[in-house]
Amino acid sequence: EPSLASASENFRLNDFQPLLVAGSADCIAAEIADVVVANISGTILLAIADELLRILRPQGWLILTGFPESELAVLQRAFGNGEVSEINEWRCLTLRT
């Protein structure tokens, strides 16, 4: 997976060793992650909401990105209100659970 290779190299250069996973959250233990980042469409984020929240530790950070403004309101209803940022047409919702 090229995106994992790129992320791994960037983390290595910054002396940071996170667990990076591409694919289903089914392979990840419950409440293992302090930070979960998902860069995918709002439709998919809603479909995997339970899994994203399952792997996140209490008081963890959830960073959802890769969706347009038109999907923001439904994601806020599903996950909660947090900080919203944007780059061009893409939105990012960051919140603490």
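Which residue just after H4 takes a positive phi? In this predicted model, that residue is Gly80, with a phi of about 110°.

Helix H4 spans residues 72-79, and Leu72 belongs to it. The relative accessible area of Leu72 is 8%, which is under 20%, so Leu72 counts as buried.

When neighbours within four places in sequence are set aside, Leu72 is in contact with Phe67 and Val84. A separation of 17 Å is computed between the C-alpha atoms of Leu72 and Thr97, two residues that lie 25 places apart along the chain.

## The buried side of helix H4

The buried residues of H4 are Leu72, Leu75 and Phe79. Because they cover an arc of only 65° around the axis, they lie on the same side of H4. An α-helix has 3.6 residues a turn, so residues three or four places apart point the same way.

Several elements pack against the buried residues of H4. Among the helices are H2 (42-47) and H3 (49-55); the strands are E2 (56-68), E3 (83-87) and E4 (90-96).

## Cysteines

The structure holds 0 disulfides. A disulfide is a covalent bond between the sulfur atoms of two cysteines.

Is Cys27 buried or exposed? Cys27 has a relative accessibility of 62%, a value over 50%, and therefore counts as exposed. Cys92, by contrast, has a relative accessibility of 14%, which is under 20%, so Cys92 counts as buried.

How values were computed:
Residues numbered from 1 in each chain as written. Predicted model: local features only at pLDDT ≥ 70, side-chain atom pairs only at ≥ 80, totals over all residues. Heavy atoms only, no water. Helix = DSSP H or I, 4+ residues; strand = E, 2+ residues; numbered from the N terminus. Buried < 20%, exposed > 50% of the residue type's maximum accessible area, 1.4 Å probe, protein only. Contact = heavy atoms within 4.5 Å. Arc of directions from axis to C-beta. Disulfide = S-S within 2.5 Å.
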